[in-house]
Every structure is written in structure tokens, then in C-alpha cells.
Amino acid sequence: TFTVETAAAHPDQLFVAVERVADCLLLAMEKGMRQELHNVVFVCDDAAQLGDMFAPGEVDRMYINFCDPWPSKKHAKRRLTYEGFLRSYRDFLKDGGVIEFKTDNRPLFDFSLTQFERAGYALSEVTYDLHKEYSDIIMTDYEARFVAEGVKIHRCVATKVALPTELGEPPLLSLLDYLPDELDHIPYGMDNVLWENRGRVKLSAKLLAQLEGQPAESKGDEDS
């Protein structure tokens, strides 16, 4: 939905949608065909292959929407906002090119903010409640569902600048280290890691019940 609606809003620009899940890509393709769009291309591939798809400096803007968080430390390098990935995007982003990143996942968002600066991007328009601060937002399907549930969406804009001369101490890699004092929902992609660490993470009875797959009302008062 996001790619098709964005392409429809900017008919003079070419958009390339890259998605490794074929079923998701097919749905977007069908919607684009129904709207008879001619400025969007759909590619079923992994983001790790982006460098093979574009020439140096060919891309003006890149959108990373609700990517998999890979919450454990050992999988940090798989995150699309990990420093290594962000540095690779520099090869095909033009000077001053932009990455827009959106997620409902607060730990992933805070981790990503540390990575953008280390990879040579200047941050702007950083918000922890996108739909409160901005209007006329084109949403993904995930985003529309989250917003309907009252979940806050986080977004930042990262502009390609010179690489930093000093990096300082490396940031923590486990997303558990970026958890806020209280969660208002189960962030996308973190169900398992939160359940496995429920003894060390502060979770409300409602969220614990969601992780267990049962309504909070049916669990009773666990403190009684």
C-alpha cells in the first residue's frame, strides 16, 4: 500500500519496491496494476542485494518501513539499520540523499539512531509520535493497524553526509538494552525475546497475557 500510494502521489518519480516475501510483493503489484501505475517496479529480493541493483549515486531517497528487528545481540548485523547496512547504502545514495525510517519498535528505533550517526547520516525530524506531530502521512498496512490500536509510530529522516572521523564507544547491540521503563504494546518482532526474558523485563499483566496468547481478563490477578 505504501509504495503504490507514494508512487501515485509522485507520478514523475520512479519507485523501486524491494521485498523478500513474495506474497506481500504480489499484493502490492496487483494494487499497482489496478491503478495503472507506470512509475513503480517491484523486486522480490533481499535488501542485502541492494548494492547490485543500483549504480553509484542513483538513488535520491530510501524508505525503511517496519523492518524485522532481530532483537538479539548475535543477530544485530541483520538489522537493516545496522551500521554495516547503512554504510552500504551510501554506495547508491546520492550526496545529500535521504533515508526515511519508520517503526513501532521503540528499542529498534533508539538503537537505529545510534547507527545512523556512526554511518555518516545527519538526523532530522526525529519523532516518537509521528501521527500526533505530522499529518497527511501515507501509511503501510502495518502502520494503519498499529495506529488504529493507538500505538505510537516513530520516524526519523537521515541525510547522507561525510563519514564521522571519530566513532567513540560502540553502542549496545541487544534491543533489550534499549527497552523503555514501560512498554505500551508488544513491539513488532519482539514477542519471543520478551517472553524469554519476562523475568528481567518490566511488563504489565496485560502485555504478559498478550505474550501468552490469552486475554488479560481470563488470567485473574497474578499478585493475589
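User: Which element gives the largest share of the lining of the largest pocket?

Analyst: E3 does, with seven residues. Keep in mind that this is a predicted model.

User: What is the make-up of the lining of the largest pocket by class?

Analyst: Sorted by class, there are 30 nonpolar, seven polar and twelve charged residues in the lining of the largest pocket.

User: H6 was named among the lining elements. What is found at its N-terminal end, and which residue follows it?

Analyst: At the N-terminal end, look for a side chain that caps the helix. For H6 the cap is Thr140, with a side-chain oxygen 3.4 Å from the backbone nitrogen of Tyr142. After H6 comes Gly150, which has a positive phi near 85 degrees.

User: Next, salt bridges. How many are there by the rule used?

Analyst: A salt bridge requires a side-chain nitrogen of Lys or Arg within 4 Å of a carboxyl oxygen of Asp or Glu. By this rule the count is eleven. One of them joins Glu5 and Lys31, whose closest N and O atoms are 3.6 Å apart. Since Glu5 belongs to helix H1 and Lys31 to helix H2, this pair ties together parts 26 residues apart in sequence. Glu5 is partly exposed, at 33% relative accessibility.

User: Which parts of the chain does the salt bridge between Lys160 and Asp95 link, and is each partner buried or exposed?

Analyst: Here the N to O distance is 3.5 Å. The link runs between distant parts of the chain, from Lys160 in strand E6 (residues 154-160) to Asp95 in strand E4 (residues 93-103), 65 residues apart. To read burial, take under 20% relative accessible area as buried and over 50% as exposed. Lys160 is therefore buried, at 12%, whereas Asp95 is exposed, at 69%.

User: What does Arg155 form with Glu125?

Analyst: The two form a salt bridge, with the closest N and O atoms 2.6 Å apart. Arg155 lies in strand E6 and Glu125 in strand E5 (residues 121-127), so parts 30 residues apart in sequence are tied together. Arg155 counts as buried at 11% relative accessibility, and Glu125 as partly exposed at 40%.

User: Which residues are linked in a network of salt bridges?

Analyst: Glu83, Arg87 and Arg118 are linked in this way.

User: How should I read the largest nonpolar core, and which residues have the most contacts inside it?

Analyst: Such a core is a set of buried nonpolar residues joined through side-chain atoms within 4.5 Å. The largest one has 38 residues, and Tyr89, Ile99, Phe101, Phe116, Tyr121 and Leu194 have the most contacts inside it. Elements that give two or more residues to this core are E3, H3, E4, helix H4 (106-118), E6, helix H7 (191-196) and helix H8 (205-212). H4 gives the largest share, five residues.

User: Last, Leu25. Where is its place, and how far is it from Cys44?

Analyst: Leu25 sits in helix H2 and is buried, with a relative accessible area of 7%. From Leu25 to Cys44 the separation is 19 residues in sequence and 6.9 Å in space, C-alpha to C-alpha.

Methods. Residues are numbered from 1 along each chain as its sequence is written. This is a predicted model: local features need pLDDT of at least 70, side-chain atom pairs count only at pLDDT 80 or more; totals for chains, interfaces and linings use all residues. Side-chain values use heavy atoms; hydrogens and water are left out. Helices (H or I, at least four residues) and strands (E, at least two) are DSSP runs, numbered from the N terminus. Ala, Val, Leu, Ile, Met, Phe, Trp, Tyr, Cys and Pro count as nonpolar, Asp, Glu, Lys and Arg as charged, and the others, Gly among them, as polar. A polar contact is a pair of N or O atoms within 3.5 Å; within protein, one must be able to donate a hydrogen and the other to accept it, and residues adjacent in sequence count only if both atoms are side-chain atoms. Buried means under 20% relative accessible area, exposed over 50%, partly exposed in between (1.4 Å probe, protein chains only).
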